[in-house]
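Please find below some notes on the model, arranged as numbered points.

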Amino acid sequence: AAAATAVTTAATAAAGAAATAAAAPLPRREREPGRERRKRGSVVAKAGRPDPSVPLSGVSCSGCGAELHCRDSAAPGFMPAEKFRSLSEGPDGAAGLRGAVCQRCWMLAHYGRALRLELPAEQHRLVVSAALRRPPRHGRGPLLLYLLDVLELPDPVLSQLPALLDPEVPVAGLLVVGNKVDLLPADSPGHLGRLRKRVAEACAQAGLQGAPLVDIRLVSAKTGFGMEGLVSRLQRSWKCTGDIYLLGATNSGKSTLFNTLLRSDYCKSRAPDIIDRATVSSWPGTTLNLLKFPIINPTCDRIFRRQERLKEEAGKTEDQLSSEEKKLLNSLKKQGYLVGRVGRTFERQKSSTVIDFDPDVLSYSTDEDPKPISKKFQQREDFTYNEVKDARWCYDTPGIVKENCVVLRFILQVLNLLTDKEVKLVLPTSAIVPRTFILKPGMVLFLAGLGRVDYLEGEKSAWFSVVASNLLPVHITSLSNADAIYKKHAGYELLKVPMGGEERMKEFPPLVPKDITLKGIGTTEAVADIKLSSAGWVAVTAHPEEKLWLRAYTPQGTMLVVREPPLLPYISTIRGSRIPGSAAYRTKKPPSLVENLKTTG
């Protein structure tokens, strides 16, 4: 605990000046209607004022891990001075801040607004590296659970792991977890096995083959798919022999995984009542320091009881679920193609509520008002000494940003170019429905105002399947009209992102081209993916041996990636009939699959 506090204090102090630079003026947002401006202004008005005279608290934000303070509104962990005092000047002193969140986490949770106060890359690395270089606890090094976003394969940060470790501090193993598989449709039978193979290839390219790599798992931390299997794998092989660190690039879903594990059989039974959930946001770099929960000891009796629960739940049908479970399941089905049910075997038995009857409080005369019943102060729960004296912990860490990494730098730059509203449109948060178009030479595909693919030359038509957020528009036009279309409609409704008209586009970088040559392998199998920044990608399918000359565009200063082989090679087959008089096919959304639930029919 002392080491974690030291890391928190050092990181927060070092981040103050850097965060001020990170909060530099951003591109001017589009003009908002009066009501929206008033709403945004009221949020800012509630933000409160700093007080530089108040010392640091020594208590971490329960949402992002930054040290809470009220000294500098531009530094991570800031809390308005009036709120800070009301919590810290009570009978418990600074301990009254336990469970509180900083202004940044509060704004993310309640308004979805991203205050761009984040640790710079070197501070992210410092926090993660300092944690991994601690002396081994209980005589054994930690297990590293590396989380990667399958949409961003090949992962740009995997090869950086050895540089973060200390050769004198041995690591017990590395478990790689591919996240967000729920967003991708099944383009053919066995698509999960193919995705797992692609993750294994990314590990091999990063030089992580051999003894350190103990397993590769595919999950959705958001919908719960694969999570029960991951918990079982950890309890069978790792048991409770050492600490675990959740690592990964920014925005890979570590905090979501942390929260899902917190409500699973992997944490102590009282942990969900004591440990606050991490703040989750679409913005990269939400977590700024270490968050943790204690791991439960998987004794033989506990593993047996857990297996009995899983066996019982796997025999249920959807009709046998409670109304609350059905409601949650239907919500998850809308969000992803792959859904899992994460349950708890070792839930804490909560004592029944005892109601005190006080007749003097309930009685009052006709000439006086009823007296309000004063609520007794409920002290926040905490672990006992015996519960944590020999505990092993699961740590959530800040996202890793690789210095001089072209791919990741490009992703962050694109997101930094966008407004809050635009980010919500660009980053997919629900199951992606592929959109397929058949283009002839001389036709152009726009993915919003963030990317463009020109079919310059070829003998036959080819299929272009867009895998991106369902909220981003796709526009097809001719090569002769493309420049005029972009000039006229960029910043407006037709291309949607960026939004804000001419004023917005003056500050947005122009699209720059890159020539691409591809050779088709079949009318049902894509030859490559053209990744258009963090907006998504276009899978290209062409006739066998057909040569295509393409030109793709992304915003200046960003990197375009040609991914071969494609992530979903048969994506063009997920489509309906062609729309008459159009280059587009009707969309087709595959059904969702629920894990550990008996199907009927």
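1. Contact here means heavy atoms within 4.5 Å. Helices (H or I, at least four residues) and strands (E, at least two) are DSSP runs, numbered from the N terminus. The model is predicted, with local features needing pLDDT of at least 70 and side-chain atom pairs counting only at pLDDT 80 or more, while totals for chains, interfaces and linings use all residues. Residues are numbered from 1 along each chain as its sequence is written, and side-chain values use heavy atoms, with hydrogens and water left out.

2. Helix H8 covers residues 227-238. Its end C-alpha atoms are 16 Å apart, which agrees with the 16 Å that twelve residues should span at 1.5 Å a residue; the expected span is 1.5 Å times one less than the number of residues. Just after H8, Lys-239 takes a positive phi of about 55°.

3. How many of the twelve residues of H8 are buried? Nine are, so the helix is largely enclosed by the rest of the structure. Buried means under 20% relative accessible area, exposed over 50%, and partly exposed in between, with a 1.4 Å probe and protein chains only. The buried residues are Met-227, Glu-228, Leu-230, Val-231, Ser-232, Arg-233, Leu-234, Gln-235 and Trp-238. They pack against strands E1 (143-149), E2 (173-179), E3 (213-218) and E4 (244-248), and against helices H9 (254-262) and H11 (300-314).

4. The axes of H8 and H9 are 11 Å apart and the helices pack at an angle of about 75°. That makes H8 roughly perpendicular to H9. Axes are lines fitted to C-alpha atoms, for helices over the stretch in contact, and angles run from 0 to 180 degrees between N-to-C directions; 65 to 115 degrees counts as roughly perpendicular, under 35 as roughly parallel, over 145 as roughly antiparallel and the rest as oblique.

5. Which residues form the contact of H8 with H9? Met-227, Leu-230 and Val-231 in H8 meet Leu-257, Thr-260 and Leu-261 in H9. The residues of this contact divide into five nonpolar, one polar and no charged. Ala, Val, Leu, Ile, Met, Phe, Trp, Tyr, Cys and Pro count as nonpolar, Asp, Glu, Lys and Arg as charged, and the others, Gly among them, as polar.

6. In helix H3 (residues 81-88), Ala-81, Phe-84 and Ser-88 are the buried residues. Seen down the axis of H3, they fall within an arc of 60°, so they line one face of the helix. The arc is that of the directions from the helix axis to the C-beta atoms.

7. Most residues other than glycine have a negative phi, and most peptide bonds are trans. Ala-448, not a glycine, has a positive phi of about 50°; it lies in the loop between strands E9 (443-447) and E10 (451-457) and is buried at 0% relative accessibility. Glu-545 has a positive phi near 65°, and is exposed at 57% relative accessibility.

8. Two cis peptide bonds deserve a check. One joins Val-497 and Pro-498, with omega about 0°; Pro-498 is in the loop between helices H17 (479-489) and H18 (501-507). Another runs from Glu-564 to Pro-565, with omega near -5°; Pro-565 is in the loop between strands E17 (561-563) and E18 (593-594).
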